Every structure is written in C-alpha cells, then in structure tokens.
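Dear colleague,

A summary of the findings follows it.

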Amino acid sequence: MVGPVTHGKTPGSKAGMKVVPSRPEVRTDPAPVRGPASAMIEIERVSQTFRTAGRQAHLALSDISLTIEDGAFVSILGPSGCGKSTLLYIVGGFVSPTEGEARVKGRTITGPGPDRGPVFQEFALFPWKTVLGNVMYGPRQQGVKSAEADAQSRRLIEMVGLKGFENFYPKELSGGMKQRVALARTLAYHPAVLLMDEPFGALDAHTRTRLQNDLLNIWERDRKTVLFVTHSVDEAVFLSDKVVVMTRAPGRIKEIVDIALPRPRRRAELLLDPRYQKYVVEIERMIDDTSEEGLHP
Amino acid sequence: MNARALTSDVLLGIIPIALAIGLWQAISSFGYAPVTLLPPPGMVFTRLVQQLLTSSFQQEIASTLFRLFAGFAIAVILGVGIGLAAAASPAVNAVVRPIVRVLAPLPKVALYPALLLLLGFGHESKITLVAADALFPILLSTYYGASMVEQKLIWSAMAAGTPRRQILFKVVLPAAVPSILTGCRIGLVISCIVVFLAEMISSTDGLGYRLVTAARTFQAVDMFVPLITISMLGLILNGLLQGLRSYLLRGFPEV
Ligand SMILES: Nc1ncnc2c1ncn2[C@@H]1O[C@H](COP(=O)(O)OP(=O)(O)OP(=O)(O)O)[C@@H](O)[C@H]1O
Ligand SMILES: [Mg+2]
C-alpha cells in the first residue's frame with residue numbers, strides 16, 4: 001500500500017527552510033498522457049516584510065521556495081496568519097515580495113496577468129454587472145468580440161451549473177452560486193494557473209462538498225495548475241496532488257506531502273480509503289505540531 | 001421593496017405633512033394669526049394654482065430651475081472629477097486636500113457679494129454660488145467612495161487583463177456610484193436652498209425674487225406661493241434622482 005510520502009526538512013539546518021522541488025508526482029491511475037512535468041510556478045527564496053502602522057517590521061513570509069509543476073493541484077495549509085494569502089498574492093502579482101522572486105513559466109512575476117486567475121473567499125464579483133456581465137468581463141478585456149464572448153460565457157455559466165441565472169445580479173445569488181460565478185469569471189479568460197484563496201471557506205458544509213466535486217470535475221478536463229489555500233485538511237487531501245504545510249508566523253514551509261491517491265477521485269470511495277485517512281491524520285498532526293511550536297517558541 | 005410596502009410608506013410619509021397643514025388651518029380658523037399675516041392653506045393653494053397657470057410665474061420657475069440645474073450639473077462634474085482624481089493620485093490628493101479643508105466649511109454665501117460684482121446680477125453669479133455650495137458634499141462622497149473600493153475587485157479586474165490606467169473607469173468609478181449618488185442627493189437639496197437664497201438676496205426674477213417682492217408689499221399669500229413651489233420642485237427632483245438611483249444601483253445590495 002502506498003503510504004503518505006513526505007519531504008520533510010532536514011532538522012535543525014537552515015537549508016530546511018528551503019524546499020527542494022519534490023519528485024515527480026506519483027500517480028497510481030492510468031493518468032492522461034502528459035509531457036514531462038515542467039515547472040509552471042517557481043517561488044525562489046521569497047520573504048515578505050510588512051510595515052505595520054507602528055512602523056514595526058513584521059515578517060510574514062520567511063524564505064519560501066517552492067516549485068509547482070504544470071498541471072499540478074497544490075494546496076497550502078497552515079495556521080491563520082502564517083502568510084498563505086500573502087504567498088498567493090505574490091504569485092498573483094498583487095503584492096511584490098520584499099526578497100526573492102516568483103516566476104511563472106520562467107518569467108519573473110512583476111504584476112497581475114491573465115495567465116494567473118484569482119478566486120477569492122469574498123467572491124469579489126462586480127456588483128454592477130450581471131452574472132453574464134461578470135463572466136464576459138475577462139474575454140472582453142482580452143479583446144474577444146462581443147458575440148463570441150457572450151457565447152463562451154454562456155457555455156461556462158452552464159458548466160458551473162448556473163444556466164438560467166445569466167441575467168441575475170450577484171446580490172440575488174446564494175454564496176455558493178456567487179462562488180460558481182467567480183470561478184466562471186476567472187476560467188473565462190483561460191488562465192494557466194488558478195489561484196484560489198479559501199474559495200469555499202465562507203460556504204456551508206454541503207455547498208462546500210458540492211463545489212469541491214464540481215471543481216475537481218472541471219479540473220479533470222483541462223488540468224490547469226491550481227494553487228489552493230484552505231484551512232480544511234480533508235479538502236486539501238481530497239483535491240490535491242501535493243499539500244504544502246506551513247508553520248505559524250513567520251510563515252515557512254514545514255512539509256510538503258505528496259498525495260498519491262488515484263484519480264479521478266470519488267468522495268464516497270475516498271472517505272473509506274485507509275490511505276486517504278492516513279494522509280488526513282498525518283497532516284492534522286503536522287498542523288498540531290505547528291501550533292505547539294507557536295506556544296513554546 | 002414591493003409595491004404595497006412602498007404605498008404604505010408613502011401614506012405614512014403624508015401623515016406629518018397633513019398634520020402640519022391641519023395645524024396651519026387650525027391656527028388661521030381659530031384666529032390666532034390674522035389672515036393678512038398667515039393666510040389659510042386653502043387660500044394659498046388656490047393662489048398657487050392660479051399662479052402656476054400664468055406665463056409670468058412659469059418663467060420665474062424656469063429661470064430658477066435653469067440656475068439650479070446648471071449649478072448642480074457643474075457641481076456634479078467638478079465634484080466627481082476632482083474626487084476621483086484625488087482618490088486615484090496621491091499628488092492630486094495632496095493638492096486638493098488642503099483646499100477642500102479650507103473651503104468646505106466656508107459659508108459660500110459670503111462669496112456672493114464678490115460674485116455679484118464679478119459676474120453681475122444675471123444667471124452666472126447664482127449658478128456659481130449653487131455650484132460652489134453643492135460641490136463639496138459631492139466631491140467628498142466621491143472621494144470616500146472611490147478610496148473605499150474593495151481591493152479584490154481591482155485585483156480581479158487587473159488579473160482579467162485590465163491595464164492599470166483603465167481601472168479608474170472600469171472599476172473604481174462604477175464601484176463608487178452608490179456613494180457618489182448619496183453626495184448628489186445632498187448636493188441637490190443644497191442647490192434648491194441656495195438658488196432660492198441667491199434670488200432672494202439679489203435678483204430680477206426667479207422664485208426667490210417673487211418671495212422678496214411679495215414680502216416688501218406685505219402680500220402674505222404671494223409669499224407662500226414661491227415657498228411651496230420650491231419645496232415641491234425639490235420633492236419632484238429628489239424623486240427623479242431616486243428613480244435614477246434605483247436604476248443605477250439595481251445590482252448593489254440595499255443599504
Ligand atoms: N497589507 C498588510 N499590511 C501589514 N501586514 C499584513 C498585510 N497583509 C498581511 N499582513 C500580515 O501578514 C501576516 C500573514 O497574513 P496572511 O493574510 O497572508 O495570512 P493567512 O495565512 O492568509 O491567514 P488566514 O488563514 O487567516 O487567511 C499576518 O500576520 C498579517 O497581519
Ligand atoms: Mg488568508
């Protein structure tokens with residue numbers, strides 16, 4: 001049986017902070033034929049210091065290095081305030097790191113771009129636009145003709161399960177529906193990378209499960225690279241190829257766990273799978289350790 | 001809000017107005033005030049209808065409305081423009097902020113004598129005064145609305161490929177519309193007050209001028225007519241703005 005594979009840090013060494021790109025993902029299923037895994041995102045020795053109101057320097061991220069292969073689904077787990085969002089914003093180009101650099105397809109990230117599409121916990125839909133208007137926004141910005149953008153967007157809205165809601169305004173939708181719109185809006189401009197910051201964090205358990213399943217189905221089709229921040233260990237193990245566990249502030253990478261579970265994944269089967277359970281327990285234990293480190297520095 | 005709730009709200013709103021008119025009627029019928037000083041409402045409204053049908057009174061309304069609209073429009077254009085620019089550019093903000101701090105609390109009416117000397121007794125001086133008074137609430141609410149735009153809306157648009165310089169018009173302006181319209185509502189009420197005031201101080205026509213001439217000749221009924229006309233105009237204009245508001249804000253959560 002395949003147990004959880006972890007790439008831990010070398011205890012006590014400075015090098016332990018830096019995470020060596022892990023071995024190619026192990027797939028036990030007949031994975032779709034893909035070229036050799038190439039790096040989509042490279043984060044190299046990134047540190048982030050914020051100046052707080054009291055002019056104090058606050059180290060949010062410390063010396064993060066991480067490589068994410070093309071087509072990988074990678075989740076980031078860690079205690080609140082450890083810098084998960086900050087790391088995502090750096091890859092998004094919304095925040096520039098105080099040290100180190102992040103690259104996408106080998107190019108240094110200097111700002112946001114349509115190759116990296118964010119999905120936020122707060123949805124961040126344009127309240128003055130309808131569902132269709134929101135989804136069409138990206139294609140229109142990319143110069144797609146109006147009729148074509150309209151047709152594409154309608155297909156996407158159908159794909160995320162919101163056919164019939166094209167002319168609704170965001171305020172007329174439930175949280176889960178809003179997040180589906182936000183996902184469609186981002187998918188509409190075909191980003192190579194999806195950056196999802198606790199996208200299902202504000203949803204109830206049932207809606208959350210449905211959206212996880214739908215996200216996996218959509219992901220199985222075109223296997224975009226996904227960087228996914230969450231607080232839920234189950235969610236991370238269920239969705240990901242790799243789970244990155246971070247330490248509490250200042251955020252460092254504690255462990256990277258390869259999730260060698262077969263795909264396509266079915267929730268009902270997975271919950272009974274001892275390998276799945278083992279991953280969940282092991283990662284939960286790592287996070288507990290992290291919290292204790294904080295209590296006894 | 002559904003139609004029935006709206007109707008009952010309107011009915012509730014009419015009650016205090018009806019009470020005020022009733023009180024007014026009572027004061028004159030019980031003879032607490034002589035009819036020459038406080039004419040009963042029936043008399044005033046009859047006179048109002050008579051006046052509204054005369055072309056000379058209609059022309060007074062037209063000049064008041066023209067000044068009001070022109071001044072308000074200038075205030076909207078300048079207020080929204082400067083407010084957005086100040087929110088978008090720290091340099092503009094650094095220039096605008098002290099000027100606003102100094103000028104906003106100044107009673108603009110104090111500038112009116114100077115405006116009269118500069119621009120004369122016609123439309124220009126009144127339009128300028130209206131614009132100067134309505135400008136600040138619109139400018140300030142535009143500025144705050146535009147500064148408060150949720151960061152993630154801007155990020156979402158930038159990730160979708162909107163260049164930085166277009167963010168102002170594609171995201172910041174539409175997101176600030178609710179607060180801009182709040183400023184406009186305040187600005188509109190101020191415009192009504194100020195245009196009337198300016199016409200009272202010095203004018204050769206307009207509703208405010210009508211009131212002053214009636215007061216000089218002790219025509220109490222004719223004093224009330226322009227007063228009621230301006231408040232009804234204010235009511236109608238506010239209703240129109242409210243309609244525009246609910247159309248423009250149809251996607252925004254109710255506040
Ligand atoms: N703009 C900012 N200015 C100052 N400090 C900031 C800023 N953004 C984040 N921080 C700080 O950086 C640290 C990491 O924040 P971040 O939002 O990345 O954490 P997180 O891991 O996403 O937390 P959570 O799980 O609660 O979302 C926090 O201590 C936070 O206070
Ligand atoms: Mg966060």
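Chain B and chain A bury about 2,000 Å² between them, and carbon and sulfur atoms give 63% of that area. Within chain B, the residues that lose the most area to chain A are B:Lys152, B:Trp155 and B:Ala159, which together make up 29% of what that side buries. Please bear in mind that this is a predicted model.

The contact draws 24 residues from chain B and 22 residues from chain A. One salt bridge is counted between the two chains; in it, the side chain of B:Lys152 meets that of A:Glu122, with 2.8 Å from N to O. Nine residue pairs are in polar contact between chain B and chain A. On the side of chain B that touches chain A, α7 (151-159) and α8 (167-201) each supply at least two residues, and α7(B) has the largest share, with seven residues. That side of chain B comprises 13 nonpolar, five polar and six charged residues.

As to the ligand, the residues surrounding ligand 1 include A:Phe50, A:His58, A:Glu198 and A:His231. Oxygen atoms of ligand 1 lie 2.6 Å from a polar side-chain atom of A:Lys84, 2.7 Å from an N or O atom in the side chain of A:Ser85 and 2.5 Å from such an atom in the side chain of A:Thr86. The protein covers 62% of the 630 Å² of accessible area that ligand 1 has on its own. In chain A, β3 (57-69) and α1 (84-92) each give two or more residues to the shell, with α1(A) giving the most, three residues. By class, the shell holds three nonpolar, seven polar and two charged residues.

With kind regards

Note on methods. Residues numbered from 1 in each chain as written. Chains lettered and ligands numbered in written order. Predicted model: local features only at pLDDT ≥ 70, side-chain atom pairs only at ≥ 80, totals over all residues. Heavy atoms only, no water. Near = heavy atom within 4 Å. Polar contact = N/O pair within 3.5 Å; in protein donor to acceptor, adjacent residues only side chain to side chain. Areas by Shrake-Rupley, 256 points an atom, 1.4 Å probe, with all protein chains shown as cover. Helix = DSSP H or I, 4+ residues; strand = E, 2+ residues; numbered from the N terminus. Nonpolar A, V, L, I, M, F, W, Y, C, P; charged D, E, K, R; others polar. Contact = heavy atoms within 4.5 Å. Buried area = accessible area lost by both parts, 1.4 Å probe. Salt bridge = Lys/Arg side-chain N within 4 Å of Asp/Glu carboxyl O.
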